[in-house]
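Trainee: Could you walk me through this one, feature by feature? I would like to learn how to read an interface and a few local details.

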Amino acid sequence: MAMLEVNNLSIQFGGLRAVDGFQVSIEKGRLYGLIGPNGAGKTTVFNLLTGVYKPTEGVIRLDGEDITGKSTIEINRAGIARTFQNIRLFGAMSVLDNVKAGLHNDHKYSTLAGILRLPSYFKAEKEMNEKAMELLRVFGLDGEAEYLASNLPYGKQRKLEIARAMATNPKLLLLDEPAAGMNPNETAELMKTIHFVRDNFDMTILLIEHDMKLVSGICEELTVLNFGQVLCQGKTAEVLSNPQVITAYLGE
Amino acid sequence: MADMKKSMSKTSKNNYITYAMVIAIFIVVQALSATGNLSRLLTGLLVPLCVYTIAAVSLNLVVGFSGELSLGHAGFMCVGAYSSALFSSVFADTLPSVPRLILAILIGAAVAAVFGILIGIPVLRLRGDYLAIVTLAFGEIIKNLINVLYVGVDENGLHVAVSSAGLNLAAGGKQIMKGALGISGTATLYKDIKDYFFLIGVILILITLFIVQNLVNSRSGRAITSTRDNRIAAESVGISVTKYKLMAFTISAALAGVAGVLYAHNLSMLKVSTFDYNLSILVLVYVVLGGIGNLRGSIIATIILYALPELLRGFSTYRMLIYAVVLIAMMLFNWAPAARNFRSRILERLRGNRKKKEAA
């Protein structure tokens, strides 16, 4: 069974059908790319998958479970985590606390236990600190654990956002233009990180990207979106050589 | 691993500094008053100072940590003050003063918390300016409601009405709340422990600090701060924004209620006109000037700004002028980028010196 199974997903904003009959099936452990020209509806697909928008039509199944129309919080608990095109970190919190906020539903203790500093507080906080530092180490951010998130350089902010998403222990990770604004060196490093996350955590990853080097470098399968509709789907090499895709997106 | 330990001990060290500061101030004030260096006027200001400190610290939880601008803090203080004063008056003869006061504090906090939840549920759907306006309105509504309320007690129990005559008290009944005249004589009920009110106030400040600091540095506190920094991201990692905003609002309301209790029990005359929006704004000024999200700053700002107008009485006409200048100076000191840079440079140099000494 596929990890993510989407059928006939559509959303209507007034007279505009921003996403129309979108469908995709992503196997577990796959690195999957969603590409297309600006305004094609890629981020809208992400917002539909994470419950920011409720679909007008269609069904979304995560690991067999129907999550259509659920709230963002329920969907995160079901196992989808995401990053944002315009970075959304908790800027005034430390890097470590950003990841610990991601662990919010993983290590629970009551508010009262937190105020009164009961043993459950110390136990959970210790586990959270260890887990968060482990994740930060994976992303090479352990040296900056005490920094304010907003003081990190751009590339590291992107990585921290992925680390925070990973902290929620997802089954499916959605990355919205992870390489946007990065220089070639940073992008190369990011590619390694994404690969590492997939291999190490056995993660299924769906990413939106314009950087074709990254897309052709790491994505195993692609869906091309154009005007809200699926233009082409399949193995990366085949999709990228499809004449329709070349006319609509890549250019001759 | 070492970094982690350092960061944990850093926050707890910070917390202890705040407690120590409050206790140190208390000891200094006690020493001054024991040696007769404290004027009657200043002695009279000590308990109100505790009231405003608790109010400022609790408001900082909402404004600083959950990032919502609330202008109805006086309303929660009002609810706490009246409910507890009412309780104290009704049980004046049945309970000794110490347990009565403790119960009054708990009741004031609980009633204010209930109002916090009731107001918070609709209000927290709003954001920014709209939230500020609605909380402001709420404060005024509470004030006006209590202003027309008459409560009396007789052998048949509690009577509530909107006019003195409407109470229909039996012979021997006692009117407690008299509309605009408020509740009188609450302080006289605690004559025997009157001298300890400053101590009680300081203990309440420490409890407030304990609650707010520990909350902020816990799982729920992180959730509250995350909803301030980025709502959408908070939801994307499974944090319920509504739940944690409401939690911060309710705990803040309960602590404002405690401030109200202390206020009511220190006065012989409790009048609702005290709790107008000026009071909310005043407390907000303490929070903003002390530094949003900075609890120790709230305390320092409250002390300086509350004591200042009184200390400046000698300047008579220039009093408010100097007050305004101090406000501007504090604002600049806390928020102007140049002042912040200057402060961090000084701090670094001090730390550097200490390190050099340690190395030597």
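Mentor: Gladly. Contact here means heavy atoms within 4.5 Å. On that basis, 37 residues of chain A are in contact with 34 residues of chain B. Keep in mind that this is a predicted model, in which local features need pLDDT of at least 70 and side-chain atom pairs count only at pLDDT 80 or more, while totals for chains, interfaces and linings use all residues. Residues are numbered from 1 along each chain as its sequence is written, chains are lettered from A and ligands numbered from 1 in the order in which they are written, and side-chain values use heavy atoms, with hydrogens and water left out.

Trainee: How much area do chain A and chain B bury between them?

Mentor: The size of an interface is often given as the accessible area lost when the parts come together. Buried area is that loss with a 1.4 Å probe, summed over both parts. For chain A and chain B the total is about 3,000 Å², with 60% of it on carbon and sulfur atoms. On the chain A side, A:His104, A:Ile115 and A:Glu146 lose the most area to chain B, together 21% of what that side buries.

Trainee: Which side chains meet in a salt bridge?

Mentor: A salt bridge needs a side-chain nitrogen of Lys or Arg within 4 Å of a carboxyl oxygen of Asp or Glu. The count between the two chains is one, and it joins A:Glu125 to B:Arg222 at 3.0 Å, N to O. Polar contacts are pairs of N or O atoms within 3.5 Å; within protein, one must be able to donate a hydrogen and the other to accept it, and residues adjacent in sequence count only if both atoms are side-chain atoms. Across this interface, 17 residue pairs are in polar contact, both at pLDDT 80 or more.

Trainee: Which helix of chain A gives the most to the side that touches chain B?

Mentor: Helices are DSSP runs of H or I with at least four residues, strands are runs of E with at least two, and both are numbered from the N terminus. Helix 5 of chain A gives the most, with six residues.

Trainee: How many disulfides are there over all chains?

Mentor: A disulfide is a covalent bond between the sulfur atoms of two cysteines; the rule asks for sulfur atoms within 2.5 Å. The count is zero. Take A:Cys219: the closest cysteine sulfur, in A:Cys232, is 14 Å away, so it is too far for a bond. A:Cys219 is also buried, at 5% relative accessible area; buried means under 20%, exposed over 50%, and partly exposed in between, with a 1.4 Å probe and protein chains only.

Trainee: What caps the N-terminal end of helix 10 of chain A?

Mentor: A:Asn242 does, with a side-chain oxygen 2.8 Å from the backbone nitrogen of A:Gln244; the helix spans residues 243-250. Just after helix 10, A:Gly251 takes a positive phi of about 85°.

Trainee: And where should I look for positive phi in residues other than glycine?

Mentor: Most residues other than glycine have a negative phi. A:Asp63 has a positive phi near 55°; it sits in the loop between strand 4 (57-62) and strand 5 (65-66) of chain A, partly exposed at 36%. A:Glu177 has a positive phi near 45° and lies in the loop between strand 7 (172-176) and helix 7 (184-201) of chain A.

Trainee: Is A:Glu177 buried or exposed?

Mentor: A:Glu177 is buried, with a relative accessible area of 11%.

Conventions
Buried area = accessible area lost by both parts, 1.4 Å probe.
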